[in-house]
Each structure stands twice: as C-alpha cells, then as structure tokens.
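Please look over the sequence and structure below before reading on.

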Amino acid sequence: MLDEWFARQVVPRLAGRATVVRFADDFVIIFEHERDARRVLEVLPKRLAKYGLTLHPEKTRLIDFRRPDRGVTISLDNGDSRSRPDTFNLLGFTHYWAMSRKGFWVVKQKTAADRFRRTLKRIAEWCRQYRHEPVPEQWAALRRKLLGHFGYFAVIGNLRALRNFRHRVCGVWRKWLNRRSQRARMSWEVMNRLLQRYPLPQPHISSPVA
C-alpha cells in the first residue's frame, strides 16, 4: 500500500531524492527538498483513505532535519547564532544530530522520553504487585527485564540513558521493598548491600563490527 505506491508513483515525480523507512505501520519519509515533502504530505492522507487508514494526528509532522551546518540559522538570547535541527521519534528512539568524536556531524539515537517513562512505570507496577515475593525471585525477574531493555536500546550514544534507567529501576525496587511491611527499613545503604548480593546488570554498548 505504501512502499509500492511511493516507489512507482511518488519518486518519479519528485524534484530531488527521497526514501521511506518503514517498520510495520511506523514510517519516516526523508526528502531532499522541502517542497517535495509538502506535496507528498498533502496527498498521503488520500492514499491511506483508500484502504481505510488514517495518519496519527499527533505523530505526523513535517520537520527540518537538515544537518546543523546546512540548516536554518537561529538567533540566541546571548547574541550568538547557530543551526538547530529538529528531532523525531521512531520505534522508541529519539533521533538527533550530534558531533562525533572525530568532529563530524552524525545522526544519533537515545531512548525516547515517553518510552523511558512508560517502561519504568510498568516495572514500578510490577514491583508493587510482587513486593511480597522472595527477593531472589524478584531479582531474577528484574534482571530479565533490564537485560531485555538493554538488548533493544544499547546503541552507541545511549549509554547515559541506560545507566539512568538502571538507577531508576533500583530506586523503584527499593521503594516497594520498603513497603513490604510497616517495619521495613530499606535505606540506600541497606539497598546497596542487597545489590552486592543480587546485582542488577549494567548496560554495555559494543561497537559495531566494520
């Protein structure tokens, strides 16, 4: 419905290059020229309507994602000026421009804020529901949850978010262990000793093989 239409009918009519990146019903279309993007955005709802589909009103937007040194220059409050491109979310990641260690502009990914909050909320609810289970069983389950999260989000540039996520998970685990009874006293000193006995995994990011 989308891929064939884009390749056969859209691309030949564009003034510049364009490509579509799609996973299931989530997709991003990248255009060389803004006028091409606006033309396609105008006809895309009609194409979807033929199959009883609609664009998500909150997720659909046209953004300027040009490299910072090629984008629109904006004025800052301190009198300086610089280029600031927009960001976009796809499949749980926020995609943004950043400078590499070698001094080149590259597109990086970090855990999207809404995905971070949603996943942490689910783990907190799990800790509340199973707070009376034996600690070794809680630890084993939380370990699996963290490994699953790290396995998906462990991409270059996202280490800080992963470390923050682990710290927050430790915090919600401590919170609900502290509520097992009125006499429970789980200070961070006690919690750190528990984590030495039942360590939660640390995030690791491996460089891609060239």
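## Terms and basis

A residue is called buried when its relative accessible area is under 20%, exposed when it is over 50%, and partly exposed in between (1.4 Å probe, protein chains only). Helices (H or I, at least four residues) and strands (E, at least two) are DSSP runs, numbered from the N terminus.

The model is predicted: local features need pLDDT of at least 70, side-chain atom pairs count only at pLDDT 80 or more, and totals for chains, interfaces and linings use all residues. Residues are numbered from 1 along each chain as its sequence is written, and side-chain values use heavy atoms, with hydrogens and water left out.

## Helix α6

In α6, the buried residues are Met 191, Leu 194 and Leu 195. Seen down the helix axis, these buried residues fall within an arc of 100° (taken from the directions from the axis to the C-beta atoms), so they line one face of α6. An α-helix has 3.6 residues a turn, so residues three or four places apart point the same way.

The face turned away from the buried side carries Glu 189, Gln 196 and Arg 197, which are exposed. The cover over the buried residues of α6 includes α4 and α5.

His 149 lies in helix α4 and counts as buried, at 7% relative accessibility. Apart from neighbours within four places in sequence, His 149 is in contact (heavy atoms within 4.5 Å) with Thr 119, Leu 162 and Phe 165.

## Two loop residues with positive phi

Ala 24 sits in the loop between β1 (18–23) and β2 (26–31). Its phi is near 55°, a positive value in a residue other than glycine. Ala 24 is exposed, with a relative accessible area of 52%.

Leu 91 belongs to the loop between β5 (88–90) and β6 (93–99). Phi of Leu 91 is near 55°, again positive in a residue other than glycine. Leu 91 counts as partly exposed, at 30% relative accessibility.
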